[in-house]
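Colleague: Please take a close look at the metal site and what surrounds it, and spell out the terms as you go.

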Amino acid sequence: MTKRKTLTQFLVEQQRLEKAMPAQLRLLIEVVARACKVIGHTVNKGAISGVLGSLDQENVQGEVQKKLDVISNDILLEANEWGGHLAAMASEEMDTLHPIPNRLPKGEYLLVYDPIDGSSNIDVNGIVGTIFSVLKAPPGTEGRDVTEADFLQPGREQVAAGYAIYGPQTVLVLTVGTGVYAFSLDREMGSWVLTSEKLTIPARTDEFAVNMANERHWNEPTRRYIGELMAGTDGPRGRDFNMRWMGSMVGDVHRILTKGGVFLYPADTRPGKENGKLRLMYEGNPIAFLIEQAGGKAFNGTCRILDIEPQELHQRVPIILGSSEEVDRLDEMLKDRVAA
Ligand code: AHG
Ligand code: MN
Ligand code: MN
């Protein structure tokens, strides 16, 4: 059997061959990958170690926090504080940024993450994941405290992004700007081994992912677009489509990276929900980076997600991403260039 390449070998090669990988970035990715191993192990223990269920507290999003949200957040904090590769961290589960303590060496990167994506799946043994995004700290931060404004960079500035998916297999999916690679966790060896190279999203798909319960709250072009998919051979698309919705963006995105599809969490006409539910800095941007690196598209209804200039750390963003033919079609309908 061919000897599989480990994450470490892959990263050393990226450093040597692709010049995509300064040593500090390689260290950061190794530390995050190791933390995801610990999170995956903790998720897998579940009820045995009493990590299921909710806490009696809300996060800055106004969502009740699951025990695993906070446990996983702290695993990533503790793993990354001492390494000397980060200037600061931010997370879905923390109100504001977490600076590297002055007693510890600081580095040139910023890490933003969603420690558990798909929290509503935790107690029902559904798919969950961890999403992470790496930015460079702006010049001059070495001499001062990092501020939230330092994080507010458009997604096109990311130097790495990825997710771990905790499912039947535990898989780390990563890009450093040279394509999308997947590493499966070999539990016997405790190492991440390369199992997919250059994942590619087909332009054409017959599968969509959206939470239909919100359908009445979407704008008219979005309702019309989804209506056409539902109409299948009886409608203008002339072919049938299939629907999947996993309640975890990581789960739906992993399917799209593996076989194609389109994922939507649209803008909502209800007050306060104009930007949908998902968060730009640690869901929209890292996933959009992966999707584009795999040849797909990621768009918020008016522009490329990676071009959005963030205004605040936890801002939300409408999301349409995946197979380019479908993203383009909805783009056209939203811009009203296609006759109704
Ligand atoms: P999180 O658990 O980090 O809050 O993310 C959940 C997100 C996303 O992963 C998923 O696609 C979406 O919420 C599901 O939303 P609904 O529960 O509204 O379907
Ligand atoms: Mn999430
Ligand atoms: Mn989350």
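Modeller: Along the chain, the donors of the manganese ion (ligand 2) follow the spacing D-x2-D-x165-E. They are D114 (OD), D117 (OD) and E283 (OE), at 1.9 to 2.2 Å from the ion. Donors here are N, O and S atoms within 2.8 Å of the metal (3.2 Å for Na, K and Ca), and sites may look incomplete because water is not among the atoms. D117 lies in strand β5 (residues 109-117) and E283 in helix α7 (residues 280-293), so the pair ties together parts 166 residues apart in sequence. Helices (H or I, at least four residues) and strands (E, at least two) are DSSP runs, numbered from the N terminus.

This is a predicted model, in which local features need pLDDT of at least 70 and side-chain atom pairs count only at pLDDT 80 or more, while totals for chains, interfaces and linings use all residues. Residues are numbered from 1 along each chain as its sequence is written, chains are lettered from A and ligands numbered from 1 in the order in which they are written, and side-chain values use heavy atoms, leaving out hydrogens and water.

D117 is buried, with a relative accessible area of 4%, and E283 is buried at 2%. Buried means under 20% relative accessible area, exposed over 50%, and partly exposed in between (1.4 Å probe, protein chains only).
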